[in-house]
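User: I am new to protein structures and would like to work through this one with you. Could we go question by question?

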Amino acid sequence: MEMKFKMMKMMMLALTLLVLASGSFVAANQELRRKKQILPSAASSSATKVGSSVVFRVLGNVYPIGYYYVEMGIGYPPKRYYLDIDTGSDLTWLHCDAPCKNCPKAPHPLYRLNKNSLVPCAESVCAELHSLEKNICKKPTDQCHYKIQYADQGVSQGALVKDVFPIRLTNGTLVGPHFSIGCGYDQQGSKGTTSPTDGLLGLGKGKASFVSQLQNLGLVRNVFGHCFSSNSGGFLFIGEDLVPSSGIVWTPMSRSSIDKSYYSPGPAELYLGKQYIGVKGLQVIFDSGSSYSYFISQAYKAIISSMMKDLSGKPLEITKDGTLPICWRGAKPFTSFSEVKKYFTPLTLRFKSGWRSHQQMEIPPESYMIISKYGNACLGILNGTEVGLQDDNIIGDNFFQDRVVIYDNEKQKIGWALADCNRISKSGVVLL
């Protein structure tokens, strides 16, 4: 993206990056408490003119936590919640005490429903959700309910509400926009479980997503990116301020009917090293709501076959670990990825980005493998057909590690580059 940062913007960004500290939203909350009225979020305000961004500190990892999530303050006065970052769905929701039928044990007290904040069916965000989930309102004045089923067969059901999200923009402005979110009072499949998060941050392509709502308020461009560190943590940004002006590999978002609702760079080919695995036209979806990556049965079996040939003669043997379906044991337990990299070969996803051009994403062994608590090297690639994903191939968090991935909905393109996900400089993302 052709973009240069002026000195003033750099100074304001440097101040804003302090929000990435462990108590990131506390200072913003205290300032909101001192104000008699929440700052306006309308686009007409000169302080909130489109062109700014917001940055969130990311917590978590692929293994053993299994999630990357952000900490956000919601409500007035704000209360702290952990939200799972999900580019594969639109609606942001919280486990909600309305009361809740099947909520898991979460890090913070359940979100409390305020009946005065219920969203009626007449609002456009409700119509957007119902068009996706095939729910129908009887009357425009009815309260808007939702029911969403996820690929892992989990279900979130609840009512749509509006609440305040205190946000510090990179131009230094503190705003308190109202967002439509889900009060999830029935989380089917979660009863009796423990969750490391309090809900989900929906970053999908639909109008109900957190990014789209920010854009509609005139606060940011419909651009966002995430950078997940393999050492845990990282950052999430919304808006275009942090997008590097060069060094990003860009490819158009697919507009086919198959994946128009999801972030997809289109059909892909897969290589193990320089060896083509032999399955063409893999329909790929980028989904940060998935810890691991899933391929259709034909591609999955081809990957395993190619890996077995590549490992032939090496001092490894298949072992039943219980962590993931396929694990290898070495002569002694693995303690670092420098040991794992001696045996495993990088994978490469190759996307068609034009009539004759292709773009590539190389996945090193430390991204598609994990080291289990038993010291075995386990494959973080799973059979998507077995879990009901049909023709979709899901690229999850493990493939995204140690690179910034950017979703530019304004220009309908996806980009990526290796990056230092543990820090941000005054001028933005630090590419490697």
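User: Is Asp 86 buried or exposed?
Analyst: This is a predicted model, where local features need pLDDT of at least 70, side-chain atom pairs count only at pLDDT 80 or more, and totals for chains, interfaces and linings use all residues. Residues are numbered from 1 along each chain as its sequence is written, and side-chain values use heavy atoms, leaving out hydrogens and water. Buried means under 20% relative accessible area, exposed over 50%, and partly exposed in between (1.4 Å probe, protein chains only). Asp 86 has 5% relative accessibility, so Asp 86 counts as buried.

User: Which side chain makes a polar contact with that of Asp 86?
Analyst: A polar contact is a pair of N or O atoms within 3.5 Å; within protein, one must be able to donate a hydrogen and the other to accept it, and residues adjacent in sequence count only if both atoms are side-chain atoms. For Asp 86, the pair is 2.6 Å apart, and the partner is Ser 89.

User: Which residues does UniProt mark as "active site", and why do they gather at one spot?
Analyst: UniProt positions are given in the numbering used here, feature names are shortened, and annotations may be inferred rather than shown by experiment. The unreviewed entry places this feature at Asp 86 and Asp 287. They span 202 residues in sequence, yet no two of their C-alpha atoms are more than 6.6 Å apart, so they gather at one spot. The residues named by the record are Asp 86 and Asp 287.

User: What is the relative accessible area of Asp 287?
Analyst: Asp 287 sits in the loop between strand E17 (282–286) and strand E18 (293–295); strands (E, at least two residues) are DSSP runs, numbered from the N terminus. A polar atom of the Asp 287 side chain lies 3.4 Å from the backbone nitrogen of Gly 88. Asp 287 is buried, and its relative accessible area is 16%.

User: Which side chain of opposite charge is nearest to Lys 413?
Analyst: Lys and Arg count as positive and Asp and Glu as negative, while His and the chain ends are not counted. A salt bridge is a side-chain nitrogen of Lys or Arg within 4 Å of a carboxyl oxygen of Asp or Glu. Lys 413 is buried yet has no salt bridge; the nearest side chain of opposite charge is 4.8 Å away, and belongs to Asp 408.

User: How many bridges join strand E27 to E28?
Analyst: Two strands pair if DSSP finds at least two bridges between them. Val 404 has Ala 417 in E28 as its bridge partner. E27 (residues 403–408) and E28 run antiparallel, and the number of bridges joining them is 6.

Definitions and conventions
Helices (H or I, at least four residues) and strands (E, at least two) are DSSP runs, numbered from the N terminus.
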